[in-house]
Amino acid sequence: MKIFKSFKIKKIKFKNRFSVASMCQYSANNGNPSRWHYSHLAKLAQSGAGLLMLESTAVNSRGRISKKDLTLINKKNEIEFKKLVSFLKSTNDINLGLQISHSGRKGSAEIPWIKSNTSLSKKQKNWITCAPSAIRRHPKWPVPKSLTIIEIKKIILDFKNSAIKANRAGFDVLEIHMAHGYLLHQFFSPISNIRNDKYGGSLNNRCRLLIEIIKEVKKVWPKNKVLGARVNGDDWLKNGTSIKDCTYLVNNLKKNGVDYVCVSSGGIIPKTNLKFKPGYQVHLARQIRKMTGVITRTTGMIDSLNQANKIINSNSADLINIGRKFVQDPYWLIREMRRKKIKFNIPNQYLRCF
Ligand SMILES: Cc1cc2nc3c(=O)[nH]c(=O)nc-3n(C[C@H](O)[C@H](O)[C@H](O)COP(=O)(O)O)c2cc1C
């Protein structure tokens with residue numbers, strides 16, 4: 001089956017087309033991976049997928065979603081990430097990716113299981129969030145500060161700095177988060193960006209920061225490693241971005257050396273017209289792949305081999321990203337490979353278990 005054939009991007013070989021999706025754990029200590037991360041990621045590293053994407057990690061402390069986010073900002077963070085990467089690679093032969101991000105106006109939020117979709121109060125030591133424009137994401141959220149040009153330049157350098165650290169920590173893949181309503185998506189979407197300088201207005205201007213970050217990160221991310229972006233295929237709102245805008249962005253990302261895109265959607269405001277159903281974003285990936293020729297990953301409610309196989313065989317995407325299914329049942333893919341008599345390496349310790 002094509003889905004189980006190895007796949008190469010540059011010098012990095014993926015043993016199949018599956019990746020474990022980035023999933024925020026809100027469990028960091030001072031931005032560093034905690035014991036929870038070791039336990040959670042060790043399981044996922046045994047899943048049989050070709051790539052394990054680590055969760056959204058902030059490039060500066062204002063860019064955290066919550067106080068418990070991972071950050072890759074300082075020397076201590078770098079050392080702790082390096083330890084984690086080395087541990088995961090010692091237990092299994094899997095490529096590891098890191099997603100780096102800035103939350104923008106979605107930051108200073110409470111941890112979701114304490115209170116979902118809520119911003120911190122002053123008593124909880126909230127911080128002032130920032131965005132392209134001073135527009136809140138919802139009446140219950142604070143108005144963010146509109147970024148100055150100097151602050152924008154600093155954020156670009158923060159992405160570059162985290163990329164340097166991610167490389168030194170040993171990651172194979174780096175993904176820039178441009179979706180889900182976070183800062184870069186806020187610049188991309190006219191719902192949140194009403195600037196009248198070179199970072200707002202036309203689509204080209206709204207893409208500018210995203211491209212500038214890629215250009216800067218490219219200077220430090222090794223040429224033989226993989227650089228990707230998670231992009232927004234649709235705002236699911238009348239005046240929001242559409243797949244046409246995303247195609248424009250991805251063509252530009254391609255021109256600037258991005259190796260793959262993961263097409264997601266939604267999140268620019270808490271409630272949109274997005275309807276969740278199996279494979280609800282596959283059509284977006286198919287369109288991006290067709291229009292740009294970029295290696296494309298799809299994501300969202302894909303939870304069977306049959307479904308994944310159809311996506312790959314119909315040329316709708318090159319890679320399949322799965323989140324919750326791997327958490328619920330970390331060995332489902334290994335069982336499927338066993339059933340299909342696909343050759344793969346089970347750890348010696350588990351040879352008698354499958
Ligand atoms: C607990 C949880 C945390 C998530 N955190 C992130 C994240 O850090 N970055 C990101 O791009 N998407 C994040 N997502 C979205 C997932 O990567 C994925 O796109 C989404 O869950 C849909 O895929 P699934 O149906 O296979 O779970 C998260 C989803 C969940 C359930």
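Reader: What makes the shell around the ligand nonpolar, polar or charged, residue by residue?

Author: The shell holds 6 nonpolar, 9 polar and 4 charged residues. Ala, Val, Leu, Ile, Met, Phe, Trp, Tyr, Cys and Pro count as nonpolar, Asp, Glu, Lys and Arg as charged, and the others, Gly among them, as polar. The model is a predicted one, in which local features need pLDDT of at least 70 and side-chain atom pairs count only at pLDDT 80 or more, while totals for chains, interfaces and linings use all residues. Residue numbers start from 1 along each chain as its sequence is written.

Reader: Which of the 19 residues around the ligand come nearest?

Author: Ala-21, Met-23, Ser-56, Gly-323 and Arg-324 do. A residue is near a molecule if its C-beta atom, placed from the backbone, lies within 6 Å of it. Strand 4 (51–58) and helix 9 (324–328) each give two or more residues to this shell.

Reader: How many helices and strands does the chain have?

Author: There are 10 helices and 13 strands. Both are DSSP runs numbered from the N terminus: helices are H or I with at least four residues, strands are E with at least two.

Reader: Why are helix 3 and helix 5 called oblique to each other?

Author: Their packing angle is about 40°, with the axes 9 Å apart. Axes are lines fitted to C-alpha atoms, for helices over the stretch in contact, and angles run from 0 to 180 degrees between N-to-C directions. Angles under 35 degrees count as roughly parallel, over 145 as roughly antiparallel, 65 to 115 as roughly perpendicular and the rest as oblique. Helix 3 and helix 5 are therefore oblique.

Reader: What handedness does the crossing of helix 3 and helix 5 have?

Author: The crossing is right-handed. That word applies if the near helix is turned clockwise from the far one by less than a right angle, and left-handed if anticlockwise.

Reader: Which residues of helix 3 and helix 5 meet?

Author: Ile-152, Ile-156, Phe-159, Lys-160 and Ala-163 in helix 3 meet Leu-209, Glu-212, Ile-213, Glu-216 and Val-217 in helix 5. Contact requires C-beta atoms, placed from the backbone, within 7 Å. By class, this contact has 7 nonpolar, no polar and 3 charged residues.

Reader: Where do helix 2 and helix 3 meet?

Author: In helix 2, Asn-77, Glu-78, Phe-81, Lys-82 and Val-85 meet Lys-165, Arg-168 and Ala-169 of helix 3. The contact counts 3 nonpolar, 1 polar and 4 charged residues.

Reader: Why does the radius of gyration of the chain agree with a compact globule?

Author: The rule, over C-alpha atoms, is 2.2 Å times the number of residues to the power 0.38. For 354 residues a compact globule would be near 20 Å; the chain has 19 Å, so the two agree.

Terms used. Contact = placed C-beta atoms within 7 Å.
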